[in-house]
Every structure is written in C-alpha cells, then in structure tokens.
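Biologist: I'd like to learn how to read aromatic pairs in a model. Can you walk me through it?

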Amino acid sequence: MSKRLFWLSVGFVAGVVTVTKARAYVKANTPQSVRGTLFPDSSQNVAVATLAGLWRDFTTARESRERELNRRYQDVV
C-alpha cells in the first residue's frame with residue numbers, strides 16, 4: 001500500500017511539474033495578444049495558477065460524480 005501511495009504521489013508531482021513547465025513555455029513564447037486569450041485569469045506565478053486550475057477541475061469532477069451517485073442510490077437506502 002505504501003509503494004502504491006508513493007508512486008501515486010510521484011506521478012502527481014511529475015504531472016504538476018510537466019503542466020507547469022508546458023504552460024510557462026507557451027506563455028513565454030506567444031505574442032501578448034494571444035497570451036491574453038489563452039491565459040485570461042493567470043497571474044505572474046504560473047505554478048500557482050496551474051495548481052488552482054487543476055484543483056478547480058478536480059473539485060468540479062468530484063462534485064459532479066457525487067451528484068450522479070446520490071441520484072443513482074438515493075432510492076436504494
């Protein structure tokens with residue numbers, strides 16, 4: 001179990017680093033007019049903006065799944 005948790009953590013960190021680096025690269029190599037369209041709400045700190053976006057996506061997916069399960073199993077109980 002601890003190995004699985006370790007590798008899950010390593011994968012999560014690697015994913016966050018990869019997304020952060022990719023966003024920073026795109027942000028650095030695009031013209032200002034396009035950058036405003038691609039990153040309208042992003043601040044100067046790309047890592048924080050990336051983590052905030054990932055957390056927002058995770059929360060939205062989790063809440064959607066909870067609503068689906070509640071609808072499905074509400075009559076069962």
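Modeller: Rings of Phe, Tyr and Trp (its six-membered ring) pair if their centres lie within 6.5 Å; planes under 30 degrees apart count as stacked, over 60 as edge-to-face and the rest as tilted. A note on what we're looking at: this is a predicted model, where local features need pLDDT of at least 70, side-chain atom pairs count only at pLDDT 80 or more, and totals for chains, interfaces and linings use all residues. Residues are numbered from 1 along each chain as its sequence is written, and side-chain values use heavy atoms, leaving out hydrogens and water.

Biologist: How many aromatic pairs does the structure hold?

Modeller: Two. In Phe6 and Trp7, the ring centres are 5.0 Å apart and the planes meet at 75 degrees, so this pair is edge-to-face. Trp55 and Phe58 make a tilted pair, with 5.5 Å centre to centre and 40 degrees between the planes.

Biologist: Where do Trp55 and Phe58 lie?

Modeller: Both are in helix α3 (residues 46-73), three residues apart, about one turn of the helix. Helices here are DSSP runs (H or I, at least four residues), numbered from the N terminus.

Biologist: And is Trp7 buried or exposed?

Modeller: Buried means under 20% relative accessible area, exposed over 50%, partly exposed in between (1.4 Å probe, protein chains only). Trp7 has 58% relative accessibility, so it counts as exposed, while Phe6 is partly exposed at 47%. In the other pair, Trp55 is exposed at 57% and Phe58 partly exposed at 46%. Across the protein's 77 residues, 14% count as buried.

Conventions:
Helices (H or I, at least four residues) and strands (E, at least two) are DSSP runs, numbered from the N terminus.
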